Amino acid sequence: MRAGAENLLRATNNNKVREQVLLELSFVNSDLQILKEELEGLNISVEVYQNTEETFSIPLVPLGLKETKEVDFTLPLKDFILEHYSEDSSEYEDEIADLMDLRQACRTPSRDEAGIEMLISYFLQLGYVENRFFPPTRHMGVLFTWYDSFTGVPVCQQNLLLEKASILFNIGALYTQIGTRCNRQTQAGLENAVDAFQRAAGVLSYLKETFTHTPSYDMSPAMLNVLVKMMLAQAQECVFEQIGLPGIRNEFFTLVKMTQEVAKVGEVYMLVNTAMNQEPVKENIPYSWSKLAQIKSDHYKALAHYFIATILCDHELQSGDDEDQQEKALSQLYDYIPEGLMVLTVLKDKVQRKQLGKAHLRKAIVCHEEALRVCGLCKKLRNIDVLQEVLTAAHKRSLLKYAQQETEDDFLSLIQAPDILPKTEHRIETIAPQFSKVKVKDFFHRLGPLTVFSAKQRWTAPRTIRIQHEAGELGFSLKGGSPVQIYCLDPVCSAASMGLKEGDYIVSVGDVDCKWLGVNEVLEKFKSVGEQPIEIEVISCQDTAASMHSKSATYSVGMQKTYSLICLAMEDDKIDQTKKAPLKLPFLSWGTKNRQKAASTLCLPSAVAGTSQIKKKLSPFTLLNTESSLY
């Protein structure tokens, strides 16, 4: 509506129309702003999904789930099953209902591992559905509508990739909600929080790399890049809390370690804040998130300066201390030392220690005050009591520490506290999504193996062929895995005269569905009827290049131990043209004169024919399109 009004405003020269359009636009923009603020309050509030235990920790940021409308797969899938697979679509109503029920459940998942597993199950099912029902050359008429998690703007497309990308986003968002709900007053809770945020970053990173050009702001590469950084920063913050949970001893080397760890947290939040204030993310990132990242950057930077000030003010070098170790440890905290100072001299000289320590305390107080100032600028953050309490307590602690130091020489001290080098012993990285751990069964398994029965391959309708045994033979061989193919068809046999073709796939023998049966199982079906006529149903691939298998068998009725498997080497087709290959007789000779000879020379011992070929399980990602654009 707004776009149409803006186009009319640009096109018209009538002042009265322009005034009317401007008035309507003002109402539309006002309504949109109200809706955006309401959505922000519901979906991106910092207070939502926090742990309910009484805690004294700065809140973490969860992502809200993307909302969607209901989708009815029934008619499009039933039509496709009838048209493409030539099967009775009414027999697949239960499978379609199961798919729709799973999608409906994914709209409101539980905030735990069960909810994650359900979303991953649906995502894997979409891989099967895409390959079975969504050909690359046309749309299926299924409209997917998803709302932007930040702006609430709907995106509608007839593209299954939008559905898959949105489910991935929700998996990552659900991990963030699990992370924020963890109890950060226990080691186990902090470990779970770190793991959840790393997994959230891994899913969002996978989404960014796999689905490019997404038509939604919350899934754009720039936004996903910021979200990944924010999740890793929150994981780093939980690592610092985990180290300090048992208590921080006022000991030289312990404080050195804590200084570097907390400086690392401040650094990663500074990078997050910088990324949030870059175009085009700046326009869509929630204001409260950007300010919270800035607050945390200042707060943890202040803590780093407070820790190093405690080292300098409380720990004078004693006669029994290891000077070299303390000098080395303190040197690692600085990129540079203020002019006129040396680390060893600072350690030995009480006056220099005090001056440098107070310089760090002044820097800590400035950073604390900046964090409190920024917090006061944001209404949402200003109303979070625990955040105000944490920032105020840290500020008072630094002020108290500074007041305890001698103040006579303050006007003589011109030392500026140097920056602290961040360092961590706990490397935080993304954890890639492990979809293989969730086992799912293709809802439409009965359609046949996905390598053959997919939306990319077109088939003729099943044809019924009545097989008559001639002199104990069928007139053809079988090859392949599931389903089996007609191979070396005798052009003069009765089956060929009824329409059987080389390369046809057998989908049923008698009344038994054979799509998932291998060569041995199908041969057993032929053997079970003896020399009685039997009807089979076959289909032909309409593509020019049908898939070829390397497994074949012959069968002669009435002869014991006469069916065999023949493995054809791939190298047979790669004979060097420069070398003269010796003339070879064909494996099978189906001429009338050679039938007896073929039956006697090609019947190998039954020991060769073991069980049917082991079928490799197909992943739903095997046939995914390489092009992941949602446009």
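# Briefing on the predicted protein chain

Of the 631 residues of the protein chain, 50% count as buried, a term that denotes under 20% relative accessible area, with exposed meaning over 50% and partly exposed in between (1.4 Å probe, protein chains only). The model is predicted: local features need pLDDT of at least 70, side-chain atom pairs count only at pLDDT 80 or more, and totals for chains, interfaces and linings use all residues. Residues are numbered from 1 along each chain as its sequence is written, and side-chain values use heavy atoms, with hydrogens and water left out.

**Overall fold**

- The protein chain contains 18 helices and ten strands; these are DSSP runs (helices H or I, at least four residues; strands E, at least two), numbered from the N terminus.
- Contact means heavy atoms within 4.5 Å; among contacts in the protein chain between residues at least 6 apart in sequence, 77% join residues at least 24 apart.

**Surroundings of Ser-398**

- Ser-398 belongs to helix H15 (residues 385–403) and is buried, at a relative accessible area of 0%.
- Beyond its neighbours within four places in sequence, Ser-398 is in contact with Tyr-306, Leu-361, Ala-364, Ile-365 and His-368.
- Ser-398 and His-360 are separated by 38 residues in sequence and by 9.9 Å in space, C-alpha to C-alpha.

**Cysteines**

- The structure holds zero disulfides, a disulfide being a pair of cysteine sulfur atoms within 2.5 Å.
- Cys-238 is in no disulfide, and the nearest cysteine sulfur, that of Cys-182, lies 8.0 Å away; Cys-238 is buried at 0% relative accessibility.
- Cys-378 is likewise in no disulfide, with the nearest cysteine sulfur, that of Cys-375, 7.6 Å away; the relative accessible area of Cys-378 is 3%, and the residue is buried.

**Aromatic rings**

- The whole structure has 15 aromatic pairs; rings of Phe, Tyr and Trp (its six-membered ring) pair if their centres lie within 6.5 Å, and planes under 30 degrees apart count as stacked, over 60 as edge-to-face and the rest as tilted.
- Tyr-206 and Phe-435 have ring centres 5.6 Å apart and planes at 65°, so the pair is edge-to-face.
- This pair links distant parts of the chain, 229 residues apart: Tyr-206 in helix H7 (residues 187–210) and Phe-435 in the loop between H15 and strand E3 (463–467).
- Tyr-206 is partly exposed at 24% relative accessibility, whereas Phe-435 is buried at 9%.
- Phe-240 and Tyr-300 also form an edge-to-face pair, because their ring centres are 6.1 Å apart and their planes at 80°.
- One aromatic cluster is formed by Phe-80, Tyr-85, Phe-133 and Phe-444.
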